[in-house]
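Please look over the structure below before reading on. A set of questions and answers goes with it.

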Amino acid sequence: MPAHGHGPCLLDLSDDALLSIASHLGPALQDRLALTATCRRLRALGASSSLLWRHVSFSTSKKRLARVGREHRLLFAESLAGTFASWLAPRLPAVESLSFTVLSPEPLALPAGHPPVRLPALLLVPPGCVFEGGGMALPALRQLSIQWPGAARLCFASAPPLPALQRFSLPDGTDLIVPDATPLVALPAQLADFELCDGSLAVERGPWLPPSLTALCLSGARLRGLPDVLAHLPRLRSLQLSTNRLGSAPLGALCRLAATLQELHLSETHLTSFPAPVSTLTNLRVLYLHNAFHRSARVAPGDWDALRPLRRLAFLSISGNQLAALPPAVADMTQLQGLHLEDNELAGGLPHAPCLAGLRELLLDWQTALDSASALRAATALTSLILSGHRAVDLVGERRLAIRPAAAAEPLLATLAALPALRRVEDVFVGGEDVVTAPVAAVMWQLGGRCPHLRVGLLQDTHVGMSLADVERGAAAAGAASTAVAAPSEQ
């Protein structure tokens with residue numbers, strides 16, 4: 001029995017046991033700090049590198065920076081980062097994932113003569129310290145995310161070595177400058193995943209990403225063409241370039257990635273013509289072409305035949321492309337598991353297409369779904385149906401639209417009840433002035449009673465879909481199930 005004469009308590013455990021328990025706290029830094037403030041022993045354990053700091057996530061609110069004058073916000077944010085770096089320094093050797101987020105009402109203005117911050121050194125080197133090559137490495141850090149709403153220079157050379165770093169992310173608002181000095185950039189040679197979203201990228205010269213990279217996300221990076229660095233990434237499997245104005249920029253550089261690329265995002269890239277080089281990417285498993293074309297683009301139905309060589313494609317999004325009919329090249333894709341078609345003008349609904357038989361996920365407009373009740377009966381593997389846009393109308397005469405009656409819901413209800421694998425139906429409801437027509441309301445009202453096994457829900461947007469990781473997990477699960485079924489028969 002403990003010397004204090006009472007039953008065992010938490011502090012009677014060994015240091016290792018206490019740290020093991022504490023390491024299971026949630027990701028919020030406040031919870032871990034609160035724990036270390038409870039007594040001297042926990043404070044001492046929390047003051048150094050330990051399991052308690054395997055995952056560190058810090059975020060400052062917009063309100064905090066809003067209270068600072070606009071001209072002083074950058075200095076305040078730098079001071080905040082410096083204070084955090086000083087606190088983090090003794091704990092950093094144990095950190096496996098680190099996330100640092102600065103939220104600002106607007107981008108941090110860079111005063112004249114003030115240099116951009118250096119990332120990631122801003123967080124990994126405390127103020128007043130100078131790192132020199134050959135210093136102590138940080139052996140555990142695998143994931144690093146820094147949300148910095150302003151200008152920054154990419155510079156790993158002034159930070160400690162990061163021999164385990166796999167993913168480096170700048171998720172929102174960073175205007176990244178890659179200097180014309182490769183040794184200064186010096187990204188870790190084993191880095192696999194780099195992300196820069198909703199900021200900008202300015203590369204002064206030369207290859208700057210390591211050839212080990214397998215995933216590159218430059219969505220919303222204000223690109224006007226394909227980045228030159230693609231020619232130096234022989235292992236690239238996933239490339240995300242959505243929300244850039246690629247326009248009429250040549251896309252031939254994609255052909256160099258044919259041997260390895262399996263995921264490509266070209267949504268909202270304002271293309272002026274169909275991206276024909278995609279036809280060479282025969283290893284693609286995931287392709288996003290949502291709202292991919294500029295309003296002046298003239299894409300002929302035959303242009304979609306460029307997708308025919310993509311026989312391994314498992315997920316395709318061609319939403320928002322003013323399609324009047326499902327392209328035959330897509331209709332024939334029997335290997336598809338996921339297909340997104342919303343925000344098109346598919347007159348008469350879906351055809352009885354071979355692609356429907358293997359689909360697991362399908363995103364449609366309500367009007368298309370109501371017009372496709374017969375064709376959808378072929379979707380016997382479908383587990384998830386997502387329906388968007390609440391219009392259900394018919395053209396009467398040349399100009400007048402008539403809303404369909406609630407009875408128009410019955411064919412679709414009967415089809416959904418008959419689909420053997422269907423488990424989830426979700427309606428995309430954005431609120432505001434989104435008017436729900438009678439057939440849509442009838443389906444959602446009656447579906448739960450007609451199909452009690454279904455999960456019926458609401459989504460606020462159509463930001464859903466499949467990633468390469470999702471496809472690979474699904475393939476692994478299907479393989480494991482097939483093996484399990486085959487094992488008893490072999491016995």
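The questions below go from the chain as a whole to single contacts.

This is a predicted model, in which local features need pLDDT of at least 70, side-chain atom pairs count only at pLDDT 80 or more, and totals for chains, interfaces and linings use all residues. Residues are numbered from 1 along each chain as its sequence is written, and side-chain values use heavy atoms, with hydrogens and water left out.

Q: How many helices and strands does the chain have?
A: Helices (H or I, at least four residues) and strands (E, at least two) are DSSP runs, numbered from the N terminus. The C-alpha trace spans about 80 × 65 × 60 Å along its principal axes. Within the chain there are 13 helices and 21 strands.

Q: What percentage of the residues in the chain is buried?
A: Buried means under 20% relative accessible area, exposed over 50%, and partly exposed in between (1.4 Å probe, protein chains only). The chain has 491 residues, and the buried share of them is 47%.

Q: How many salt bridges are there?
A: A salt bridge is a side-chain nitrogen of Lys or Arg within 4 Å of a carboxyl oxygen of Asp or Glu. One network of such contacts links Arg70, Arg73 and Glu106. By this rule the count is 15 salt bridges.

Q: Which residue forms a salt bridge with Arg167?
A: In this salt bridge the closest N and O atoms are 2.8 Å apart, and the partner of Arg167 is Asp193. Arg167 belongs to strand β6 (residues 167-170) and Asp193 to strand β8 (residues 193-196), so the pair ties together parts that are 26 residues apart in sequence. Arg167 is partly exposed at 26% relative accessible area. The partner asked for is Asp193.

Q: How many residues apart are Arg391 and Glu345?
A: These two side chains, Arg391 and Glu345, meet in a salt bridge of 3.4 Å, N to O. Arg391 sits in the loop between β17 (384-388) and β18 (393-396), while Glu345 sits in the loop between β15 (338-340) and β16 (361-365). Arg391 is partly exposed at 43%, and Glu345 is partly exposed at 48%. The pair links distant parts of the chain, and the separation is 46 residues.

Q: Which helix holds both Arg473 and Asp470?
A: Arg473 and Asp470 form a salt bridge with closest N and O atoms 2.5 Å apart. Arg473 is exposed at 53% relative accessible area, whereas Asp470 is partly exposed at 31%. Being 3 residues apart, they are separated by about one helical turn, in helix α13 (residues 468-490).

Q: Is Leu458 buried or exposed?
A: Leu458 lies in strand β21 (residues 455-459). With Phe429 and Val436, Leu458 forms a nonpolar patch on the surface, with about 260 Å² of accessible area together. At 59% relative accessible area, Leu458 is exposed.

Q: Which element gives the most to the lining of the largest cavity?
A: A cavity is a set of points on a 1 Å grid over the protein atoms alone where a 1.4 Å probe fits but cannot get out, and lining residues have an atom within 4 Å of a point. The lining includes Leu18, Leu19 and Ala22. The elements giving two or more residues to this lining are α1 (15-22), α2 (29-36) and α3 (40-45). With 3 residues, the one that gives the most is α1.

Methods
Patches are made of residues with over 30% relative accessible area and no salt bridge: like charges are joined within 9 Å, nonpolar side chains (Val, Leu, Ile, Met, Phe, Trp, Tyr) within 5 Å. Accessible areas come from the Shrake-Rupley method with a 1.4 Å probe; for residues, only the protein chains shown count as cover. On a 1 Å grid over the protein atoms alone, a cavity is a set of points where a 1.4 Å probe fits but cannot get out, and a pocket is an open set with protein on both sides within 12 Å along at least five of seven lines; lining residues have an atom within 4 Å of a point.
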